[in-house]
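The following exercises concern the reading of a protein structure from its coordinates.

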Amino acid sequence: MSSSTRASGSPEPGAPGAPPEAPTEARPARARALGRLRRSRLALVGLAIVGLTAVVGLVAPLFVTADPVAMDFGALLKGPSRAHPLGTDQFGRDVLARLVWGARLSVSIGAAAVALALAVGVPIGALSGYAGGIVDNVLMRCMDALLAFPALLLALGLVAIMGPGSTSTMLAIGIVYTPGVARLTRGVVLAERPQEYVQAAHALGQRDGWVLLRHIMPNCVSALLVQASVNFANAMVIEAGLSFLGIGTPPPTASWGLMLNEARAFMSSALHVAIVPGVAISLAVLGWNLLGDGLRDALDPRLTD
Amino acid sequence: MTSGVLTYLGGRLLGAIPMLFLMSLVVFAVVYLIPGDPVDAMLGQDAEQSARDALRRELGLDRPLWRQYVGWLGRVAQGDLGRSIRAQQPVRDLIAEKLPATLLLTTSAAVIALLIAFPAGIVAAVKRNTFVDLLAMVGALLGVSIPSFWSGIMLIIVFALTLGWLPAMGYVRPSTDPLAALRHLILPALTLGSVMAGSVTRQVRAQLLQELSRDYVRTARSKGLWEPVVVVGHALRNSLIPAVTVLGVQFSVLLGGAVITEQIFAWPGVGQLAVNAIVNRDYPVLQGVILTVALLVTLVNLAVDTLYVVLDPRLRIS
């Protein structure tokens, strides 16, 4: 047995009635400043990137007049020019227009999939971890059965069932990330349930649902936020990955994954077609990660300076 | 302590049986529910009726659904995964041929990822808000943010096409030529491992920071315990619990990511087999790959759950 178990007497910082702990260790002012700077700046950068992708995706038609699927066989794989600011691809299509329409696809699929995974996964995980016993067993076996399939492979199968298209891609990715969210939620609930503040709440006669919602669930928020931000990133990556494999969004629709797949054949001659969509998706994913980190730092009282 | 772990493991093994049953249902359903007549897809619309009927009988498609499932499950339990429509070979042989390449790729990627992630995560948490922390976190963020299908392409452009240091794609059996095998392995393993490295670094840092802010750490410090003992012996041990949960998920992510990595680097693994099976509508192969991969993930999850209990004695009581 380790002497370092954490249920050792003193109330949890997040427990009811416990005042937020004042920092007892006087850290150098420079480190504090650096910490604040890093968090706020990076979170703002993340917010800016996320906002930019969302806005670009929303106003794409007004913003870019070029047709993302119009081919021009007189201008194949051309570098940036006045007519095509980011050049053209192997069919002479405008890369900027395809990039911007790809943003709409990527962001909307990511948002819907993450919302679906949270809406289904959090209740399942919380119920499972709190109720225990047969409920926990049945729910977790079902989640494990889904979790046993690698995300991309399951998404492949589900998209194959539902037929290609953005709705089925979004549903497939949402289903794929539900068990992860449920398991994470259950893990936190399971770790918090034996804590003394939970027993105290029970001893005070509080109902199960209230204890779970009011006292235990707040402990899940930081983990779920990190998870949701990573999931948003992963959802965008899976959408692009399915298209990259030629199984997701069917051509000629503009999708970042499809653009990268097509670029592979020309990566030694026309670098820009391989770089532009890659930078776009990496930046978008980075933005969500940064925003998630900023939110975590802002919302988790235990990490606050 | 040991008997507690064994009891837990026994319970988990028993619990795995209904789960395997559910998984087999999912695998069967995934392939059964795919719209369109598989016979049409395999033989083409204008095949002879007698050939269609023969294939239908061979696949058992003329029988009721539940009998198809029971028959399929019975054969799978005996290790018979059916025959490939395309290759006219037992699916089991096809998978056995491709699986070693996939396992080599995923384990190399995992090793690379853990060798980067644990030191980086611990240093970042201990040296919180310093330049080292910033560097580790920016690196981890780039790791999780750059999708493998782009980092792979970029690695090929830089190290294969431009510098010419490493082969752009392909696979060499380690038993044939270990050095060439290693040279072919580096770029794909790096591509596949970078996402996991970033993800685990972030997790280790976040959990370690959370533990380091707890009372028992303050107690340990105030009684004059050597800081490395506080960090590694006390805080890291507690933060390993959530980090270990992530490892099980990560293995699944690696096997999924292998599908894409194998496609980029022409790596002849089961991921490539699955993609080709989808394109060719070779359902027995798709079914076999999904089932095999799912079984592998189940085994790893079982190991992870056991580790979970070894690491957290509190869970043994309940």
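The exercises below treat a predicted model, moving from the chains to single residues.

**Exercise 1. Composition of the chains**

Task: Determine how many helices and strands chain A and chain B have, and state what percentage of each chain is buried.

Solution. 
Step 1. Chain A contains 11 helices and zero strands, so that its pattern along the sequence is α-α-α-α-α-α-α-α-α-α-α.
Step 2. Chain B contains 13 helices and, again, zero strands.
Step 3. Of the 305 residues in chain A, 49% are buried; of the 318 residues in chain B, 44% are buried.
Step 4. Consider next the contacts within each chain. In chain A, among contacts with a separation of 6 or more, 70% are between residues 24 or more positions apart. In chain B, 72% of the contacts between residues at least 6 apart in sequence join residues at least 24 apart.
Step 5. The C-alpha atoms of chain B occupy a box of roughly 85 × 55 × 35 Å along the principal axes.

**Exercise 2. The side of chain B that touches chain A**

Task: Identify which element of chain B gives the most residues to the side that touches chain A, and classify the residues of that side.

Solution. 
Step 1. The contact joins 56 residues of chain B to 55 residues of chain A.
Step 2. Elements of chain B that give two or more residues to this side include α1 (2-33), α8 (178-212), α10 (227-264) and α12 (283-311).
Step 3. The most is given by α10(B), with 14 residues.
Step 4. By class, this side of chain B comprises 37 nonpolar, 15 polar and four charged residues.

**Exercise 3. Two helix pairs that share α10(B)**

Task: Describe how α8(B) and α5(B) each pack with α10(B), giving angle, axis distance and handedness.

Solution. 
Step 1. For α8(B) and α10(B), the angle is about 160° and the axes are 9 Å apart. Angles over 145 degrees count as roughly antiparallel, and the two helices are therefore roughly antiparallel to each other.
Step 2. The crossing of α8(B) and α10(B) is right-handed. The residues of this contact comprise 17 nonpolar, 10 polar and one charged.
Step 3. For α5(B), residues 91-126, and α10(B), the angle is about 145° and the axes are 10 Å apart. This crossing is right-handed.
Step 4. Among the residues that make the contact are B:Leu105, B:Ala109 and B:Ile122 of α5(B), and B:Leu236, B:Leu254 and B:Leu255 of α10(B). The residues of the contact of α5(B) with α10(B) divide into 10 nonpolar, three polar and no charged.

**Exercise 4. Positive phi in loops**

Task: Locate B:Asn129 and B:Ala266, and assign a burial class to each.

Solution. 
Step 1. B:Asn129 has a positive phi, near 65°, and is found in the loop between α5 and α6 of chain B. Because it has 21 C-beta neighbours inside 10 Å, B:Asn129 counts as buried.
Step 2. B:Ala266 has a positive phi of about 50° and is placed in the loop between α10 and α11 of chain B. With 13 other C-beta atoms within 10 Å, B:Ala266 is partly exposed.

How values were computed:
Residues numbered from 1 in each chain as written. Chains lettered and ligands numbered in written order. Predicted model: local features only at pLDDT ≥ 70, side-chain atom pairs only at ≥ 80, totals over all residues. Contact = placed C-beta atoms within 7 Å. Helix = DSSP H or I, 4+ residues; strand = E, 2+ residues; numbered from the N terminus. Nonpolar A, V, L, I, M, F, W, Y, C, P; charged D, E, K, R; others polar. Axes fitted to C-alpha atoms, helices over the stretch in contact; angles between N-to-C directions. Left-handed = near helix turned anticlockwise from the far one by under 90°. Buried ≥ 20, exposed ≤ 12 C-beta atoms within 10 Å, placed from the backbone. Parallel < 35°, antiparallel > 145°, perpendicular 65-115°, else oblique.
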